[in-house]
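Let's go through this one together, question by question. Have a look at the chain first.

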Amino acid sequence: MSLRSLLHIVLLLSAAAERNFLRGENYELQGFSRLLGFDQSSPELTRLFSEIDEGMKPIRHPTFSLERCSQMVEDVASAAGGGENFVHTGLFLPSAGGPAGWQDAQRKMRLGILSFLATQSNTSKLWFWTNVGNEFLQDSLRMFEEERFRGRVQLRHFEARSEFAQVVSNATESNALAHVYEAQTDVTSKSDLLRAVVLHNYGGFWMDTDVLLIRDLTPLAQEDFAYLGQDDFVNNAFMSTSKPRSAFMKSYLSLVLARHLSTNHFEYGPSVLTELCRKIQSSEMPSTFHVLPGCFFDGAWCGASAAVYWDDFFSKKASKAGASRGRPRAEWSALPEKPASQI
Ligand SMILES: *[C@@H]1O[C@H](CO)[C@@H](O)[C@H](O)[C@H]1NC(C)=O
Ligand SMILES: *[C@@H]1O[C@H](CO)[C@@H](O)[C@H](O)[C@H]1NC(C)=O
């Protein structure tokens with residue numbers, strides 16, 4: 001699979017902060033003056049934001065002790081689930097050669113979707129975005145057309161021009177954004193740009209195709225966030241926005257527009273998120289964008305016992321200890337190791 005695991009952060013922006021850090025850029029997206037609120041935040045997560053934001057100044061590991069971080073995950077995960085979560089994922093397939101030789105490719109492709117179906121309420125939906133009408137992909141996802149999955153999993157073709165046109169009414173700006181996407185040769189950057197515009201236009205969560213969900217996402221829904229992957233790297237393998245057309249996603253795309261066309265692997269994902277985070281932190285403005293600690297998503301980066309490093313996940317055999325991290329919360333207390341801390 002051509003997608004790498006990505007790094008992310010979450011912040012909340014006030015309208016004033018947005019105007020502040022956009023002034024002086026080459027571009028300023030239109031219609032960008034609304035104040036973001038904490039729409040339907042879970043109180044469990046909201047209570048932790050000031051501690052999390054403070055711990056992320058500056059962005060670096062270790063942010064919190066593993067014990068504290070695990071406790072935060074427990075607190076958040078104890079909130080009520082069952083909400084109508086909206087998750088986006090997607091994949092770019094190389095046109096030349098194709099994935100015919102990839103071992104177990106179809107099964108791997110379905111794994112994340114199955115984890116979505118297993119953990120999210122039956123009113124939640126998942127859109128699988130792709131840029132190609134690829135037969136392999138349609139074959140892989142055919143099982144999700146069954147009646148019992150009807151409407152929950154949809155394959156969506158990504159039309160860059162029409163999606164970017166929804167970001168801003170000024171055609172010069174929306175065409176410039178679409179051009180950054182179309183002229184992009186780095187597949188990771190293409191994927192970063194796709195997720196940014198999709199989250200802007202539709203809201204919801206983004207998960208990479210190599211992310212497995214092991215918990216109901218409801219307690220994290222309708223927030224602007226990414227997470228700390230490694231060191232000072234904001235990971236967007238999993239990210240979320242509070243609502244369609246959120247100030248967070250507008251700020252994100254505005255920063256994309258202000259950059260020169262680049263094929264740097266991280267240019268339009270982690271790098272933009274890190275810049276956004278630094279601007280918000282240095283302006284001392286309240287913000288709706290947060291960078292969640294790594295243990296919310298990937299215990300291996302935080303030294304959690306029994307956590308499987310992401311690179312090993314598909315290439316090594318599962319161990320009993322590793323599998324314990326996916327157990328339902330009620331069973332954790334019976335485990336001899338530290339409680340699992342992944343969501
Ligand atoms: C559209 O955006 C460009 C670039 O920011 C700007 O120069 C131009 O004046 C804008 N056009 C309108 C009609 O606002
Ligand atoms: C969805 O789940 C609820 C319980 O959470 C159940 O009552 C309902 O029948 C389910 N609907 C479908 C279509 O499976």
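Q: In which loop is arginine 245 found?
A: A quick note first: this is a predicted model, where local features need pLDDT of at least 70, side-chain atom pairs count only at pLDDT 80 or more, and totals for chains, interfaces and linings use all residues. Residues are numbered from 1 along each chain as its sequence is written, while chains are lettered from A and ligands numbered from 1 in the order in which they are written. Helices (DSSP H or I, at least four residues) and strands (DSSP E, at least two) are numbered from the N terminus. Arginine 245 sits in the loop between strand 7 (234-241) and helix 9 (247-258).

Q: Is arginine 245 buried or partly exposed?
A: Buried takes 20 or more other C-beta atoms within 10 Å of the residue's own, exposed 12 or fewer, and partly exposed is in between, with C-beta atoms placed from the backbone. Arginine 245 has 18 such atoms within 10 Å, so the call is partly exposed.

Q: What about glutamine 222, buried or exposed?
A: Glutamine 222 isn't a glycine, yet has a positive phi of about 60°. Its place is the loop between strand 5 and strand 6 (224-228). With 21 C-beta neighbours inside 10 Å, glutamine 222 counts as buried.

Q: Which residue does a cis peptide bond join to lysine 57?
A: Omega is about -10° at this bond.
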